[in-house]
Every structure is written in structure tokens, then in C-alpha cells.
Amino acid sequence: MTLSSAHVTATVAANPVTISVLAGGNDPAKTKFATALATAFMKANPSVTVKVETRPGGTEGDNLIKTRLATRSMNDVFIYNSGSLLQALQPDNQLVDQSGQPWAKRVTPEFRQAAGTARGLYGAPVSSSFYGGIMYNKKVYAKLGLRVPKTWNEFISNNQKVKAAGLTPVLVSYGDTWTSQLLVLADFANVSRQAPDWAAKYTANQAKYVNPPALAGFTHTAEIYSKQLMNKDYASLTFVNALKALATGQAAHYPMLTVVIGNVMQSNPAQVNDIGYFAVPSDSGTPRATVWEADAAYIPKSTTGEKLKAAEAFVAFINSRTGCDIQNSSGTVAGPYSISTCKVPANAPALVKDELKYQASKQTGLALEYVSPIKGPNLEKILIQVGSGISTAQVGAGLYDQDVVQQAQQLGLPGW
Amino acid sequence: MTTSKPVHRVKPAAPTQRSPRTWSTYPLWFFVPVLVLFVVFFAVPTFSSFYFSLTRWSLFDSTFIGFGNFVQFFKNPQLYTSFIHTLIYAAVTSGSKIVLGFLLALLLTSPVIGKGYLRAVVFFPVLLSTIGVGILFKSLLDPFHGIVNAALGVLHLPQPGWFTDPALALLTVAGVDIWKGVGIATLIFMAGIVAIPGEYFEAARIDGATPAQQVRLITMPLARNATVTVIILSLIGGLRSFDIIWATTGGGPGFTSDVLASVIYKQYQAGFYGLSTAGNVVLFTLVTVLMVPLSYLLNRKQVEV
């Protein structure tokens, strides 16, 4: 720690300088994390003052970030998604290339791809990567003598046993519309296993959701409804309450992103380790886990001179030993790290260990948003229609194929 | 009824005679500040939005693509349903506001006990923030934890999913909109009714007109000005309606309560800035095409009366 902070101090100029950092959102976990980092950094670099600012999450945040970049008024460091959302910021024109930084050699190749372009690496990883799939209650599984399913049919039969025991088999939480997408988005590693060039074909307007293998996510969503395997308040349940129901064993499964384990730490700390993870079961019986890459810290081109040096030092600090300790203690470890300097702590939530098994056996694949820029804006609404019986899986997938045309044309992709 | 109550001696509305044009005593350049504000905050954004609707616009740069956005906008699979929803929503909300507003205005201009209090009650929702109202009703009408369905459950009545049932969502939002907006309509009607000279009612009563006849033959025709205002304001409001829908259902479940404005907003959210600007131009055109002839028609008939 002393070594790395000494190194950091040497690169920052002696003159006092103030930089501003835009946190990755405005929820308590993200604000607390950014503030803790800033405080530790200022302690190690007394000549630098770091001001933390927060922003809305979701699409409001996307538009705020684009507006600030376009008007050259972006904070000196900002934390934001990697993958297709980063690509929409035109990183080559807007952001400072950090591929020459010492930490850049230590990031995983997947992260390098997700936080950069052919011309540079623009972001340093912030927090861990996370997986999409099924979060399940281990105590319910033990009580009912269930085994982690590999095929979709095994999953359905597990669900029927859970239902017979009087518990909710699958939590569906359309009160927060984005949660409707998980059976489709988290199935993508299974799609890319069957058709390794699916994403490339999809981007070139040659593969469609309306056809297998991608259709599976839609039919699975419809099947949960048609077999009535979800909670009866599915139309209004919020994701926070769904997590509570999962943690307390009122329900067995929740298709989700493992990053939300941080919320369980807040709401049900005693039950965190009752929750496990498995990949979305596939028809083939060899399911792969879908991986979401870590968020990243970026520096806009409008930051120059002394401020740029201080900003680069701050970004490097995030993955220093102190930075890693803060990441581990702030409760955001939801999967393996994307950089070799940070290690998953021994006391990480139980579901992280489940994820690491997939990583160890190389049964993982990146989510679609890291391999294609196309994501239609209405997927969550369409899946609510499919998952509430308003339209069939086939119709929903067809609507979504129409929906992405807008996105592809707005991006000016060839072939649309 | 025969005892004469103090009748408002309102002078009959002045005939629309205009005094010969007198030149303002103020010099013309007094208008310059307002003109600058108008140009900077209205004219420039309006005309630049017409330009940006013809571009593929990423906030960082824009490429001119002609009418591509409009073609794309009209190909949107949700456009047709959202258009129908917009018309249903505008018709239901403005129709109800006219009828309810008129009835409430009749009640509140008549000698009823606690008139001042009732007027305040009717007008109060207008003062609330729309988003606040949305959040409030979302929690009141929650199908499982809301107080309304809890009350219905006690009475053994069905407990519908107000905002979550695809068949009900749009009408529920319209209901909330009516609750919030009827106060304005009532206020305008009250102003119109109070302005009717009391002699007309007095004369009608002497001739033996029933209260219903007075309403039908005196109040309704003479409050026509107010009716026209309410129709036009509430229809424009209904066609452009967005905030209450966004706060309660977000256009859902699925797309069952999506209106034009929410489709446009979702395109903006998704980062399709040129496309959503094109949508706004379409909405602007739709409101103009519907409202200008309607306003002309309503106001012309008014002169004939």
C-alpha cells in the first residue's frame, strides 16, 4: 500500500488541484463507494481535493452524461457502464486513452474489449464483473431435496415441486420494468454457445430473435406465465421486495443480475449466504453463465493539464491495494474482478463462489451488450407483454426484431 | 322563490365594439426584451427542432438524413396503438372534464352550504405536482398493498389491478387525470356562469321555468364561451398528456397505456434524439391540425348565437 501510494503521489503535481468525480449513480451503495474512494485518495495525496457528485441511474443518467460530454462540461472522472453504452459516447472522440497506464496491462481481455475500441482503452474497472442467470434460495433447495437444474425441463420440474410445497417458484417483478428482461438477456451465453457468430450476424441484420436459438428466452418467459409458476402480484412487485422474498425463502428462484446481492446485504444481511446462483438452464443441458463486465472510470478529453494528471492518478488509485480494499468492503463484490490486482475476498457472498465455478470450468460468455451495439429500447415492455400473457413469445420476439431496427438505423449500421 | 334575493346587477357583456385604434403611448422598443426572450426561448428552439428532426443526431454530431426519421417514426410498431390511445385518452379526459366541471360549477355557484370549502376542495388537486399525484395514486391503487383495494376487499368486491390490468390501465390514468384537472374546468365554468346577468334567471323564474329549464336554456347557451375554452384547453392537454401517464404506468403494462408523447419520450431516453424530435414535430402537427379548425368552428358558431 505504501509503495503504490508513494508512486501515485509522485505523479501528482505539488500545486493544489481540485478534481470532480461523477459517481456511477445516486443510490446509497454507489455514493458511499465513490465517497470512500475520494476520502482515501485525498489522504494519500494531500495536494489533490476530490469532489464527488452523483447522477441519476438508467436512461436519465445516459442522457446526462451525453449532454455533459457534448457541452464539454463533464466531470474530470466519471464512472459509467462499459460495453455498448460506452460505445454510444463515441469514446475515440470524447475520452482520454488510458492504454499507456500501468494498470492497463492487468485487465482481462474481455474488459479490454468492453471498455475500449480498436484505438484505445478508455476505462479502468470499477467494482467486480457480475453474472446474469437464476438466483435461488439454497435453504429451499435443501428442504425440498432439489438439485441445481441443467436443462430447462429440470428447471420447470423443480418449479412444480416448489409450487406444490406452497412457495413461489419464480419471482417476477414487473413493478420495476427492467427486471422483465433477464430470461432473455441472461440466456445469451447459451445462444452464443450454439451459434458462436450469432452476435455478428445480428449486428449485420442476418440473425433474428424470432428464430431459435435466440427465441428460447421469449418462450421461457411465456412458459413461466402459461404454467402459472410466478407470484400472483407479478404485475406490481418491485425488485427490492422480490429480493426480500427470495432471501427469506418465500420463493425459490429469481432471474436476476447477481450485482443486486448488494441490496440483499442492505435489506437481509443475515440471509445473504442463503442465496445461490446458477446459469439459465439450456435445452442442451450444458448451460453457460452470461457475464456482465465491470463498470469503468473514464476521463473526458475536456480534462487537461494538472487536472488530467490528478484524474489519472485517481483512476489508477481505484485498483490500487487500498482501492481494492474499499471495493471489497463496500459490498459490491458480485463476481470475479476484471483486473488482476483486486482479489475476491474469502467472505464474499455465497453466490460469488457459484459464479467462480462457471469461470473455472470456462462455461461463461459475454452478454450481448458487449458484443453488439444493438439493444432495442422496448425490450422490457415487450417482455412484460409476453410474460403477462398479452402476446405470445413468437409475436413478442417479432415485435422486438422490429424494435431494434430503430436502434440500428440510428446508429447508422450497414445492412439495415 | 318569489322573495327577491339580492341579484347580481352585472351589466350585460359589452358588445364587441372596438374603439378606433389608438397608438400606444410607449415606444416600440419597449417590446424588445420580450421579443428577445421569445426568439431565444421559443422561436430558435422551435425552428432548430424542425431542422434536427431531419437529422440522425447523437448530441455529439448530426447527419442530415432527410425524412428518414419521419419514415422510421411512422413504422414504429407501437405508433398505431399509441395514436388510438392518445385519441381515447383525450376524448375521455376532456369529455369528463366538461361534464363534471359544468356540474360542479353549477353546484358551486348555487347557494349551497359550505360553498367556499367545497370550492377549495375541488380546486385543491390542481395545485399538486403531477408527479406527486402519480406516485400517490400508484400507491393508493396498488393491487395488493393499496388502500383502495384493501377497502374493496373488506366489502367483498372484486379488486382490480388498476394500473396493472391491460384493459384498465389507460382508463385508470385518465381517471386520475380527471381528478387532478377538473378543478380548472370548474373554475372556468364558474367564471362563465357567474358572468351571466341575474336578470335572465329572474325573468325565467317569473315565467315559471324549472331549474332544469334554466340550466338548459339560459346557463348552457350563455356559458358557451367558457365551454369552448374548456373544450380547447382540455383537448390540447389530453393530446399532449405525458407526465401523469409516465408517473403512474410508464405506458405499461406492455404498451397498453402508451400515448404519442410517451412513445416520443422513450425514443429520447433511448438516445434517438433526431427520431424523437421528429415525433415531437408530428405531435405538434397533429395538435395543430385538430385544434385550429375546431377552435375556428367553435368560435364561429359562438358569433351566430
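**View 1. Pairing of strands β1 and β3 in chain A of a predicted model.** Leu22(A) stands opposite Phe78(A) in β3(A). Residues are numbered from 1 along each chain as its sequence is written, and chains are lettered from A in the order in which they are written. In this predicted model local features need pLDDT of at least 70, side-chain atom pairs count only at pLDDT 80 or more, and totals for chains, interfaces and linings use all residues, while side-chain values use heavy atoms, with hydrogens and water left out.

**View 2. Pairing of β1 with β2 in chain A.** Strands β1 (residues 17-22) and β2 (residues 48-53) of chain A are joined in the parallel sense by 6 bridges. Val17(A) faces Val48(A) of β2(A), and Val21(A) stands opposite Val52(A) in β2(A).

**View 3. The open sheet of chain A.** In chain A, 5 strands follow the order β2-β1-β3-β12-β6, with mixed pairing. The edge strands β2 and β6 (124-126) of chain A each pair on one side only. From one strand to the next the twist averages 25 degrees, with axes fitted as lines to C-alpha atoms, for helices over the stretch in contact, and angles taken from 0 to 180 degrees between N-to-C directions.

Terms used. Two strands pair if DSSP finds at least two bridges between them. Helices (H or I, at least four residues) and strands (E, at least two) are DSSP runs, numbered from the N terminus.
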